[in-house]
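Welcome! Here is a friendly walk through one protein model, a few places at a time.

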Amino acid sequence: MKVGYRWLLDYVTVPWGPEELADRLTAIGTAVDGIAPVFERFEGVIVARIIGCETMPNRPDLRILTVSDGASQRTVVTGAPNAQIGLVVPLALPGARLPSSPDSTVGVRAFGGIQSEGFCCSERDLGLSEDHSGLMELDSEKLTLGRDLWESLELDDVTLSFELTPNRADCLSVFGIAREVGALVGSRIRRPDVHLVESADPTDKHLKVQIDDAEGCPRYAGRILRRGRVRPSAFWLKRRLRSAGQRPINNAVDITNFVMLETGQPLHAFDWGKFQSGQVLVRPSAPEESFVTLDDKERRLPAGTIMITDGGKPVAIGGIMGGQESEVSPETQDFLIESAYFQPSRIRQSRKRLEMASESAMRFERGVDPNGALYALDRAAGLFVQLTGGELLAGAVDNYPAPVAPLRIELDAERVNRFLGTSLSTPTMVDLLSSVEFGVVPGKLAIVTVPTFRPDVSREPDLAEEIARLHGYEKIPINRRAAGVMPTHRLATALRELRMRELIEGMGFTQIVCNSLVDPSQRATESGEPIMVRNPLSTDLSALRGDLYGSLLTVVSHNLNRRVDSIAVYESGAVYRKGDQPSSFHEQRQLILALCGQAPGSGWDQPARPYDYFDLRGAVTALAAALAIPLEITPHDGAPFCPSEGFKVTIRETPLGQLGRIDPDICRRFGVKEKVWAVVLDFELLCAHSGSAKLYVPLPRFPALYRDLAVVIADQVPIGDLQRAIRATGGALVDTCTIFDLYSGAPIPSGSKSVAFALAYRHEDRTLTDDEADRAHAAIVSALSSQFGARLRE
């Protein structure tokens with residue numbers, strides 16, 4: 001929101017300059033984040049009157065003007081079509097500096113033998129607007145000939161730029177900002193009185209308003225003005241719009257923009273002559289309906305879009321943008337002025353789906369005052385009469401079937417003081433709230449009437465916030481003691497996630513946080529068709545990521561390029577995939593751990609070595625053990641891992657994720673030449689299976705019997721399968737099963753390998769005998785032979 005400093009002075013007395021005002025407003029929560037001049041400074045331009053005007057011989061496109069500054073006369077040549085005797089205009093004297101030519105000064109110039117002693121200026125010459133259709137016409141009654149124009153027009157104005165929070169829709173207007181200033185200076189704002197000159201012809205004779213979507217449009221009001229004229233706006237109106245960052249267009253459009261900025265109520269002016277009937281019908285959009293908006297774009301309307309129609313064809317998207325067919329043009333003579341209230345969530349929903357943005361939509365979706373529509377309509381109607389010269393029909397048609405009543409809230413001063421840590425009296429609280437136009441009935445429990453332009457205030461804590469900011473946050477004493485118990489409940493899932501992060505970081509991993517928006521051309525895997533963002537900030541942030549590998553490799557590449565030679569990172573983030581239905585997608589949270597580069601040595605005498613599969617597997621199994629998860633890791637080839645170096649991770653045969661070395665070709669696409677080991681797990685499934693209770697296991701009371709078992713098997717037989725078979729066959733008697741040797745080569749036959757296990761047999765309730773251990777051992781040897789073709793190594 002931008003507001004001109006001098007525009008504020010029209011409604012409230014400001015005893016401070018712009019800088020001090022900005023500081024004071026920021027202190028009460030209406031933050032000013034910038035101050036900038038409205039106009040670029042010019043020098044050497046005075047107020048002058050044209051007292052002579054002749055066409056130049058042999059140059060009918062030029063005129064020779066005699067201009068007077070009240071004390072002397074000068075000859076000036078101009079090509080402006082509106083130059084005429086009696087016109088008061090800006091005169092740039094020789095030596096003047098103008099924004100249109102900042103690097104040069106105005107001089108004396110000859111035109112066909114006529115010396116032009118300076119020149120008369122258009123608004124664009126002075127940097128006041130883009131209008132260069134003719135000379136700028138000044139008010140002869142208010143300005144003195146010969147005076148400096150910059151000072152006469154008081155152009156030393158500045159624009160205050162406000163950084164407003166979304167809940168402060170009331171400050172999206174000059175009235176709203178002036179109300180805040182009034183609270184600071186202790187005065188009410190001065191709203192312009194509206195005195196309308198109307199014809200005897202009533203509006204309701206020509207206009208009917210029917211609302212078929214009362215939920216989306218609770219109020220619709222309109223007025224008709226006939227025989228008006230579209231032309232450039234008066235300078236006072238242009239300067240107000242410029243001070244608010246708006247570009248002047250014409251008087252009709254500028255009036256609606258001016259009143260919207262002044263009151264916060266968006267308005268729209270239609271060409272009434274283009275309506276097919278004398279009716280306005282407000283309805284929801286029809287299925288597959290399309291509409292051409294003012295920006296000359298045909299838009300497919302989503303269901304539930306609020307449409308303004310002339311009883312037949314649509315003329316505007318309610319609250320967002322008008323239509324091309326009903327647009328005001330230079331030929332327009334009859335106007336329908338609209339002032340309505342639209343349901344905020346409906347406007348936001350339609351605007352987002354249509355990918356549109358407008359000043360009106362921003363205000364409606366944040367919440368305008370439903371009871372301010374008629375004042376804004378009358379204010380605009382008065383300006384239309386003044387600036388277009390049209391005839392205003394009598395009265396307004398206002399369809400408002402269910403008026404919105406102001407909310408009433410009980411205010412307990414003692415509770416508010418306890419909440420804020422203050423000791424304010426009830427009268428002080430009443431004065432503070434009254435200063436921003438809240439109605440207050442004092443009492444032990446004061447009754448506060450919240451004005452309808454403040455939809456963000458709905459309960460006592462909101463009133464407390466108003467009191468605190470208006471009183472001054474800096475005046476509230478600092479209390480380092482807790483005022484009471486504030487218990488907080490943490491969800492079990494949040495606690496499990498915190499525990500998981502502590503475990504992972506305890507193993508030496510560093511958390512990374514990556515953007516879920518990625519470049520669709522830089523994908524690590526072909527994880528389905530990417531989900532594209534409709535209105536991306538840039539090409540490299542135009543798709544939702546389908547996996548975590550691309551983000552990971554980007555981070556790894558970034559660190560390797562900065563000579564980080566040992567990388568152990570993890571991320572818990574969302575991935576997205578398209579669903580079965582059109583425009584649907586699934587979001588899944590995953591956990592990725594990765595290792596790359598050199599593993600740090602365990603001591604000063606241990607040299608660094610490259611990370612390998614066992615480092616990553618050890619981290620995963622340690623995490624699973626700490627979370628009491630029965631994890632299994634078995635070989636499984638699949639993208640994005642190298643053949644024979646990929647593994648699947650399961651929980652009781654339920655897929656949990658995958659682990660392995662990322663394919664070097666994929667790594668090279670991201671600029672990574674080192675080996676990267678990664679594991680991706682389903683984060684939600686991991687949390688669901690993690691145990692919270694710790695089981696007590698007593699020390700064994702009876703001794704174990706130990707046996708070694710060395711077998712020769714085919715190379716392709718996984719050792720994990722042998723271990724599972726050993727435990728399944730030996731049952732509860734097998735206490736531990738540990739690999740202590742793996743060998744291939746002579747005298748082991750080619751294509752085979754020797755694996756040696758250290759087995760410990762133990763009975764929980766008694767001492768195990770040698771015969772029982774031998775029988776269990778023999779059964780295991782037999783099972784390995786029959787299931788895997790294993791034979792004892794000689």
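## A first stop: Gly323

In this predicted model, Gly323 has a relative accessibility of 2% and counts as buried. This glycine sits in the loop between β20 (321-322) and β21 (335-341). Leaving aside neighbours within four places in sequence, Gly323 is in contact with Phe291, Val292, Thr293, Leu294, Val315 and Ala316. Gln279 is 44 residues away from Gly323 in sequence, and their C-alpha atoms are 16 Å apart in space.

Let us move on to strand β18 (residues 306-309), which is covered on both faces. Ile306 and Ile308 are buried on one side, and Met307 and Thr309 are buried on the other. In general, side chains of a regular strand alternate between the two faces of the sheet.

β18 pairs with strand β15 (residues 279-284) in the antiparallel sense, over four bridges. Within that pairing, Val282 has Ile308 as its bridge partner. β18 also runs antiparallel to strand β19 (residues 314-317), joined by three bridges, and here Met307 stands opposite Ile317. The hairpin of β18 and β19 has four residues between the strands, and Gly311 takes a positive phi near 95 degrees there.

## Thr263 in helix α6

Thr263 belongs to helix α6 (residues 251-263). Is this threonine buried or exposed? Thr263 is buried, because its relative accessible area is 19% and the cut-off for buried is under 20%. Its side chain has a polar atom 2.8 Å from the backbone oxygen of Val259, and the Thr263 side chain also reaches the backbone nitrogen of Gln265 at 3.1 Å. Not counting residues up to four places away in sequence, Thr263 touches Ser173, Phe175, Tyr375 and Ala376.

The table sets out accessibility for a few residues.

| Residue | Relative accessible area | Class |
|---|---|---|
| Gly323 | 2% | buried |
| Thr263 | 19% | buried |
| Cys217 | 1% | buried |
| Cys53 | 26% | partly exposed |

## Nonpolar cores and cysteines

The largest nonpolar core has 51 residues, and among them Leu21 and Phe162 touch the most other members. Helix α9 (residues 373-388) supplies the largest share of this core, seven residues. Phe162 touches Met1, Val3, Leu25, Thr30, Ala31, Val32, Asp33 and Ile177, again not counting residues up to four places away in sequence. A second, separate core holds 33 residues, including Cys217, Met321, Ile347 and Leu354.

What about bonds between cysteines? A disulfide is a covalent bond between the sulfur atoms of two cysteines. A pair of cysteine sulfur atoms within 2.5 Å is needed to count as one, and the count here comes to zero disulfides. Take Cys53: the closest cysteine sulfur, in Cys120, is 10.0 Å from the Cys53 sulfur, which is too far for a bond.

## A four-stranded sheet

Our last stop is an open, antiparallel sheet of four strands in the order β39-β40-β38-β41. β39 (734-743) and β41 (791-792) stand at the edges with a single partner strand each, so one side of each has no neighbour in the sheet. Eight bridges join β39 and strand β40 (residues 752-761) in the antiparallel sense, and Thr736 stands opposite Ala760 in β40.

Two helices pack on this sheet. Helix α18 (residues 719-730) touches β38 (705-714), β39 and β40, and its direction makes about 150 degrees with that of β39. Helix α19 (residues 770-788) touches β38, β39, β40 and β41, and its direction makes about 10 degrees with that of β38.

Notes. Residues numbered from 1 in each chain as written. Predicted model: local features only at pLDDT ≥ 70, side-chain atom pairs only at ≥ 80, totals over all residues. Heavy atoms only, no water. Pairing = 2+ DSSP bridges. Contact = heavy atoms within 4.5 Å. Axes fitted to C-alpha atoms, helices over the stretch in contact; angles between N-to-C directions. Core = buried A, V, L, I, M, F, W, Y, C linked by side-chain atoms within 4.5 Å. Buried < 20%, exposed > 50% of the residue type's maximum accessible area, 1.4 Å probe, protein only. Polar contact = N/O pair within 3.5 Å; in protein donor to acceptor, adjacent residues only side chain to side chain.
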